Amino acid sequence: MLRRLVLVLLAAVLSACGRSEPDDGMIHIRYLASPDVGGFSKVIIERFERAHPGLKVDMIEGPAAGDARENMYSTAFMGEEDSYDLAYVDVAWVPKFAAQGWLLPLDALMPAAELDNFLPGDVTGSRYQGKLYRVPIQSDGGMLYYRKDLLAEKNIPVPRTWEELVSAAKKTRTSSIAGFVFQGKQYEGLVCGFLELVWGFGGDLLDSSGNVRIEEPPAVAALSALVDAIHVDGIVPQSVLTYQEEETRNVFQEGRAVFMRNWPYAWNLMQQEGSPVRGKIGIVPMVAGPGGKPAATLGGWGFAVSAYSRHPQEAYAVAEFFASAESQKLAFFKGGILPSRRALYSDPDVLKAAPHMKDLGRVLAYARPRPTHPRWPRMSDALQMHVSAALSRQEEPAEALRAAAVEIRAAARR
Amino acid sequence: MRDHSRAGAVNWLYAAPAMLFMGVVSLLPIGYTFGLAGEYHRLAVDTRFWPVMRTTLSLTAVTVALELALGLAVALVLWSPFPGRGLARAAVLIPWALPTAVMAMAWRWIFNADSGVMGDLLFRLGLVASPQVPWLADATSAFWAIVLADVWKTTPFMAVLLMSGLAAIPDELYEAAAIDGAGPVRRFFVVTLPLLKSTIVVAVIFRAIQTFGLFDLVFVLTGGGPGGRTQTIAVYAYDVVFRYQELAYGCALVVAMALCLVLMTGVMLGAARGGKAR
Amino acid sequence: MRPTVRGQALFALAVAAVAAWSLAPFLWQAITSLKPAAEVAAVPVRYWPSTLDFSSYAQVFEARPFATYIWNSVVVGLGTTALTTVLGVCAAYAFSRLGLPGGRAALIGILGLSLFPGTVLIVPLKMLAAKAGLLNTRSGLVIAYTALNLPFAIWVLKAFFDRLPKDVEEAAWLDGLSRWQTLWKIVLPLSAPAVATTAILVFIFSWNEFLIAQTLVSRDAARTVPVGIAMLSGVTVYEVPWGQIAAAVVVTTLPVVAIVLAFQRRIVEGLTAGAVKG
């Protein structure tokens with residue numbers, strides 16, 4: 001009896017050592033993606049595979065959280081694995097990945113003339129130390145959503161400055177409808193929203209010479225404005241400190257907020273059948289502070305080729321295909337994905353289906369990337385921590401930004 | 001008669017495979033880490049290091065203290081036989097047996113700011129003003145959320161350890177104390193507690209070491225936030241290596257962690273022995 | 001002292017409270033997993049689903065290859081258990097019954113090794129695994145888990161072997177049996193309870209392990225369940241599908257709950273043995 005048990009267990013061990021991957025003679029190009037909204041990726045992949053027999057594209061749907069996927073890519077690349085041939089990377093990851101030597105430079109594969117067809121912000125965000133490391137596929141920029149109907153009721157014009165936003169919010173909020181919601185949780189999204197306001201107030205994180213400027217008055221004013229909005233003006237509920245994108249969208253979509261800072265993805269979802277705010281929303285660039293200009297933090301995704309891939313040429317072919325005008329148009333119509341090609345923002349089909357794309361194009365013209373520094377994660381964490389501390393009243397805005405500046409300088413120096 | 005208990009190097013053959021495994025998988029990487037470590041000077045200037053250590057130490061102290069108190073209570077309730085004790089013990093063991101990372105997701109849902117059941121329950125009990133409490137957005141409540149989740153998970157382990165200690169106390173001592181007129185409370189302080197001391201010391205040291213290295217729970221529940229206020233040293237070291245790609249400094253942090261553990265164990269053992277001498 | 005009715009009632013209440021506190025988070029996940037999607041995040045919180053809706057479970061298995069993850073966890077769990085038990089029994093017997101020069105030092109070393117938290121190991125472990133070609137394989141996980149469980153297994157089994165009366169073995173040696181035969185034919189059957197306990201505890205550990213599984217495996221084909229839960233995503237890029245996560249948590253934890261219910265006594269004994277020796 002015991003012997004049989006031992007044999008069974010040994011068999012289990014042996015089977016555990018067996019091969020766990022199929023071998024079908026095709027070349028597999030693998031990448032890790034976020035959830036395939038609308039299924040557009042599958043359609044594009046099908047088209048690609050039909051045009052390239054012998055190649056198979058394995059899109060691995062990963063967790064929704066960008067940080068988690070970044071972790072997974074980092075872990076794979078640190079081990080020099082060929083788990084992924086392509087990396088679908090956020091603009092913020094490009095410097096870090098490229099600095100580690102994990103990505104192949106693509107300048108030889110993509111002609112400069114072709115690059116002109118893409119939005120300039122997206123191209124800048126795809127470069128590191130002058131070399132191109134990413135084919136921009138998806139553009140993204142933070143913006144301000146507002147409830148047309150609630151503003152119209154009280155005859156309030158769409159706010160263009162922070163002061164106008166605060167007064168509009170005060171006039172339209174009720175006990176069940178908050179004034180303004182944004183992503184206030186301690187994560188990368190917080191930095192995106194915060195930087196928008198900093199730029200809007202005329203400040204900056206790093207200037208063009210690489211000096212840290214985040215502790216200067218404009219940035220402090222921006223942070224104080226946010227802190228006051230939560231704790232003094234009462235137009236922002238305290239729960240925003242746990243919000244990421246979906247929480248803010250849910251609140252706004254259920255009609256429980258007048259203004260929302262979010263990414264363009266929310267638009268399509270909120271205009272669908274059954275959405276309580278369908279037809280009642282508008283978008284503008286984020287408001288500016290006194291003496292500043294409106295800004296949008298550049299988001300956006302694209303395909304980078306892994307330096308450890310065994311099929312880099314084929315991988316690039318996939319990236320190129322996804323970046324083509326037809327694919328981007330399909331992605332837009334099926335998944336609400338914003339194109340990175342400039343022409344599509346004045347494309348008649350696109351404008352007919354979504355007239356707001358013109359406004360979006362304008363917002364994206366204001367889009368600025370976060371600093372392209374390989375030490376960005378540490379700098380972002382420092383900023384996230386202190387901004388979050390200020391928002392939850394653990395630190396005063398001025399001292400929070402001063403502390404952040406010290407840490408960011410230390411990180412930038414190395 | 002062959003006496004196999006005679007010492008001989010050949011007996012090592014039995015232990016060799018196990019030693020090989022442990023050596024390769026545990027000892028080698030530890031050695032590697034020590035070898036890769038560098039940039040020790042940064043430990044002195046790193047502004048994140050001391051707050052993180054403070055958080056880790058206070059988390060350890062608070063959690064172990066609570067576990068001990070609750071574990072003792074549970075042990076006292078569950079160790080004498082009663083109908084259904086097996087089932088009760090099984091129920092009590094479940095928190096310990098469930099995967100930490102997985103249950104951390106469950107706790108995140110319980111502490112959710114908008115739809116979390118914790119806020120709702122406390123609201124219905126009249127303890128908070130609104131059912132929507134941003135637990136994980138405030139440094140203090142996030143800290144206590146972690147304490148709650150960790151104490152929930154590890155109390156059973158403490159209880160089991162303490163039960164084994166309780167089982168070792170001879171009944172005659174209780175009877176003698178009862179004859180002397182001691183009520184149940186006095187019996188506890190005069191008989192139970194002193195004889196449990198060695199078990200308590202072992203349990204506390206063991207648990208303190210484990211809590212010091214807490215990773216899964218913090219990583220999944222708060223990610224170290226808000227404001228980095230719940231970041232433990234293990235989470236920080238992980239971030240340094242995997243997010244910041246600072247391998248040498250990350251390993252230095254791990255070395256520092258190991259040294260702290262050794263120091264902590266030494267201090268606790270010393271305190272325990274000092275107490276015994278008295 | 002005869003128990004009073006009031007005393008008994010209070011006692012029952014205490015037991016019920018402890019059991020409820022232990023099971024509540026798990027039960028809340030179970031309830032959440034059975035709610036229709038719209039009710040999961042409903043405000044105010046619904047304490048009972050209007051209808052029992054299993055779609056979350058269906059979605060979990062559709063969205064990700066959860067069946068593969070479960071299979072991987074089972075295979076890795078059984079493999080680890082088998083390997084750890086075999087190697088652990090041999091080593092523990094050697095430490096307990098066979099003379100080992102330097103054995104005491106080795107034991108202390110092993111105990112020291114087991115105190116290092118997992119974070120310490122992952123970076124070099126990943127590099128070692130990469131060099132050995134064991135990344136993204138179940139065997140890699142089995143090897144790592146075995147090494148991590150051996151200290152505990154050896155400790156528990158040795159404590160048990162120490163308590164076995166020597167005469168049975170001496171009789172076997174008188175009959176001319178070799179060490180190997182004595183171990184497998186005589187001692188092992190007598191130690192079945194301790195071995196079973198060790199196996200159960202090792203399996204639970206292996207089933208629950210998160211950090212190393214996440215570090216060593218980045219491909220679905222070899223992924224285990226706790227890491228799989230972290231991969232769950234929703235309809236949009238940013239959504240956290242709490243209903244699906246709850247379903248996944250229930251699926252992950254149900255086997256462990258079943259094991260605990262079935263083997264509660266063994267688990268208690270196993271944990272106790274470790275403590276008594278300490």
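Just after H9 of chain A, A:Gly202 takes a positive phi of about 90°. Keep in mind that this is a predicted model. Is H9(A) enclosed or open? Twelve of its 13 residues are buried, so the helix is largely enclosed by the rest of the structure. Among the buried ones are A:Leu190, A:Val191, A:Phe194, A:Leu195 and A:Trp199. The buried set also includes two glutamates, A:Glu188 and A:Glu196.

Next, the contact between chains A and B. Here 28 residues of chain A are in contact with 30 residues of chain B. The two chains bury about 2,400 Å² between them, with 45% of that on carbon and sulfur atoms. On the chain A side, A:Met78, A:Arg378 and A:Met385 lose the most area to chain B, together 24% of what that side buries.

Six residue pairs are in polar contact between chain A and chain B, counting pairs with both residues at pLDDT 80 or more. Which helices of chain A supply at least two residues each to the side that touches chain B? They are H3 (66-78) and H17 (376-391). H17(A) gives the most, with seven residues. By type, the residues on this side of chain A divide into seven nonpolar, twelve polar and nine charged.

On to the charged pairs. Side chains of opposite charge can pair when their charged atoms come close. Over all chains the count comes to 29 salt bridges, and three are found across the interface of chain A and chain B. In one salt bridge, the side chain of B:Glu246 meets that of A:Arg378, at 2.8 Å, N to O.

Within chain A, A:Glu70 and A:Lys96 meet in a salt bridge at 3.0 Å, N to O. This pair links distant parts of the chain, with A:Glu70 in helix H3 and A:Lys96 in helix H4 (residues 94-99), 26 residues apart. Are the two partners buried or exposed? A:Glu70 counts as buried because its relative accessibility is 6%, and A:Lys96 is buried as well, at 3%.

Another pair in chain A is A:Arg278 with A:Glu273, the closest N and O atoms being 3.8 Å apart. A:Arg278 is partly exposed, with a relative accessible area of 43%, while A:Glu273 is exposed at 68%.

In chain B, B:Arg42 forms a salt bridge with B:Glu39, closest N and O atoms 2.9 Å apart. B:Arg42 is buried at 11%, whereas B:Glu39 is partly exposed at 30%. Salt bridges that share partners also join A:Glu70, A:Lys96, A:Asp381 and B:Arg243 into one network.

B:Arg229 lies in the loop between H10 (216-221) and H11 (233-243) of chain B, and is partly exposed at 29%. What is B:Arg229 in contact with, leaving aside neighbours within four places in sequence? The contacts are A:Ala389, A:Gln394 and A:Glu395 in chain A, and B:Thr55, B:Ala139 and B:Gly224 in chain B.

C:Lys35 lies in the loop between H1 (5-33) and H2 (37-40) of chain C. C:Lys35 is buried, with a relative accessible area of 1%. Leaving aside neighbours within four places, the residues in contact with C:Lys35 include C:Trp28, C:Arg46 and C:Asp53.

Conventions. Residues are numbered from 1 along each chain as its sequence is written. Chains are lettered from A and ligands numbered from 1 in the order in which they are written. This is a predicted model: local features need pLDDT of at least 70, side-chain atom pairs count only at pLDDT 80 or more; totals for chains, interfaces and linings use all residues. Side-chain values use heavy atoms; hydrogens and water are left out. Helices (H or I, at least four residues) and strands (E, at least two) are DSSP runs, numbered from the N terminus. Buried means under 20% relative accessible area, exposed over 50%, partly exposed in between (1.4 Å probe, protein chains only). Contact means heavy atoms within 4.5 Å. Buried area is the accessible area (1.4 Å probe) that two parts lose on being put together, summed over both. A salt bridge is a side-chain nitrogen of Lys or Arg within 4 Å of a carboxyl oxygen of Asp or Glu. A polar contact is a pair of N or O atoms within 3.5 Å; within protein, one must be able to donate a hydrogen and the other to accept it, and residues adjacent in sequence count only if both atoms are side-chain atoms. Ala, Val, Leu, Ile, Met, Phe, Trp, Tyr, Cys and Pro count as nonpolar, Asp, Glu, Lys and Arg as charged, and the others, Gly among them, as polar.
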